[in-house]
Amino acid sequence: MYHGRLNILSATAKAKVQKIDIRNHTKTIVEEEVAVEAPANIYINKKHLVTLLSSPSMLNELAVGHLFSEGILHTVDSIDELLIAGTDIHVKLKTGVKFD
């Protein structure tokens, strides 16, 4: 079974945005919570596989889901270790597990 380190990056951030009120025909600058996207790099056994643009949260799930959807993995038991370093996702497969 795999284990991962908790990802502490947030999926949202405060930013100044222009808010347009179409009823009153006004524009104001306000601070709002907005979505954050960042490149997430997936490595398998230290080899770079892919860079995905994603929210920088739930990166364990992103990596495992991507590996399954691309047909690279067929069972979660193939994963020996899954570690997150910033937005880099390092997947170590169990000995003997092959991937293309």
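A salt bridge is a side-chain nitrogen of Lys or Arg within 4 Å of a carboxyl oxygen of Asp or Glu. By this rule the count comes to 2 salt bridges, and this tour visits both. The model is predicted: local features need pLDDT of at least 70, side-chain atom pairs count only at pLDDT 80 or more, and totals for chains, interfaces and linings use all residues. Residues are numbered from 1 along each chain as its sequence is written, and side-chain values use heavy atoms, leaving out hydrogens and water.

Begin with the whole chain in cartoon view. The elements run β-β-β-β-α-β-β from the N terminus; helices (H or I, at least four residues) and strands (E, at least two) are DSSP runs, numbered from the N terminus. Along the principal axes, the C-alpha atoms fill a box of roughly 65 × 25 × 20 Å.

Next, select D80 and K92. Their closest N and O atoms are 3.7 Å apart, in a salt bridge. D80 belongs to strand β5 (residues 79–85) and K92 to strand β6 (residues 88–93), so the pair ties together parts that are 12 residues apart in sequence. D80 is partly exposed at 31% relative accessibility (buried means under 20% relative accessible area, exposed over 50%, partly exposed in between; 1.4 Å probe, protein chains only). K92, at 42%, is also partly exposed.

Then select K14 and E33, whose side chains form a salt bridge at 3.8 Å, N to O. K14 is in strand β1 (residues 12–21) and E33 in strand β2 (residues 26–35), so this pair ties together parts that are 19 residues apart in sequence. K14 counts as exposed at 55% relative accessibility, whereas E33 is partly exposed at 44%.

Finally, colour by burial: 25% of the 100 residues count as buried.
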